[in-house]
Amino acid sequence: MNGRHHLLGAGFEAARTLPGIGEHGHSFRVQLRTAALPDTLPALQGALQQAVAPFHYGNISQHLTDASDLALARHLLAACGQAGSLHLASAPDRGVLLGDDGREYVYFDTRFEAAHQLPHVPPGHKCGRLHGHGFGVRIVADARHASLNDILLQAWPPLFAQLNHRYLNDIPGLENPTSEVMAAWLYQQLQPRLAGLAWVEVRETHTAGSQFDGHTYRIWKEQHFESAVPFDAAGNYTGHSYLIRLMLQGSVDRVMGWVLDFGDVKDRFKPIYRQLDHNPLDKLSGIRAADAGSVAEWVHGELKPLVPELSRIDLMETPHQGVSLTFRGDMQWPLL
């Protein structure tokens, strides 16, 4: 296992003044990804809450000379006093990422509506039928070389016009438009238009998508399950609505155009899901403990023989708190 990271989050409402825009407001969301020890997490969560508190229902520009996304994210990470990565979403469709390697990224989330079908799937496969999606797209670029406006106003509009309300199979390069093929196609189209392009993500649904960074294909599949966990030494239980994100990494099959069919990921996970959903997690056979990290490790042990492409598991106990286990390589920043 390459490592365990804990995911902590916070949110706040704030106004700010930016050059060329003036005073305006947003709902901000922050997620910190840290390798801190578990017994330090309550204090770290408190530090994160304390860091955002001065801005909540206030004006960021009254506290920071530079109220831009990057400056705000740097301030919050420093205020936590803990090494790690930080994701700041300043609006539902945009934000910045600070990597633990010192790299900084700006991103934009967008979408288009289109029809497609997959020509190489087996007979009877639902994706072989003509259908369509509201495709989600995330475009991420190195903040040293690109700004949000570079993505929003220059790089994306020509591609949107080419894709929106189209039959994707008719577009050269998209004859077999799986999400992996689409992510790679978008990357290739964007690279000459956007300096510092880092990676592209394509979401076919709210629970599945793919990512391509010019070299590596990664896909993810999300599911929810409802479970009980021990609450105290007296034997009382509480419960969570968990979100689990299974991340895979591998080469793309030349014929099928995918790392693995999303449906196959779900089917292979199904027997494990049945043990998790509507059950007490401390009673799982062979589990070490019922904390999020132990549950994720248990899932890895059960699923790895069935899905050798598995590279990471994110398990969220609440919308703001969870754990991320990496086994080989690493998907770029988790999708908040």
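Student: Which residue in β10 does V200 stand opposite?

Tutor: This is a predicted model, in which local features need pLDDT of at least 70, side-chain atom pairs count only at pLDDT 80 or more, and totals for chains, interfaces and linings use all residues. Residues are numbered from 1 along each chain as its sequence is written, and side-chain values use heavy atoms, with hydrogens and water left out. Strands are DSSP runs of E with at least two residues, and helices are runs of H or I with at least four, numbered from the N terminus. Two strands pair if DSSP finds at least two bridges between them. Strand β9 (residues 197-205) and strand β10 (residues 208-212) pair in the antiparallel sense over 5 bridges; in β10, V200 stands opposite F212.

Student: How many residues lie between β9 and β10?

Tutor: The two strands are antiparallel partners. β9 and β10 form a hairpin, and the number of residues between them is 2.

Student: Which residue of β9 is the bridge partner of A141?

Tutor: β9 also pairs with strand β7 (residues 131-142), in the antiparallel sense and over 6 bridges. Within β9, the bridge partner of A141 is L197.

Student: How many residues of β9 are buried?

Tutor: Buried means under 20% relative accessible area, exposed over 50%, and partly exposed in between, with a 1.4 Å probe and protein chains only. For the protein chain of 336 residues, the buried share is 51%. Strand β9 is mostly covered, its buried residues being 7 of 9.

Student: How many helices and strands does the protein chain have?

Tutor: β9 is one of the strands of the protein chain. The secondary structure comes to 6 helices and 15 strands.
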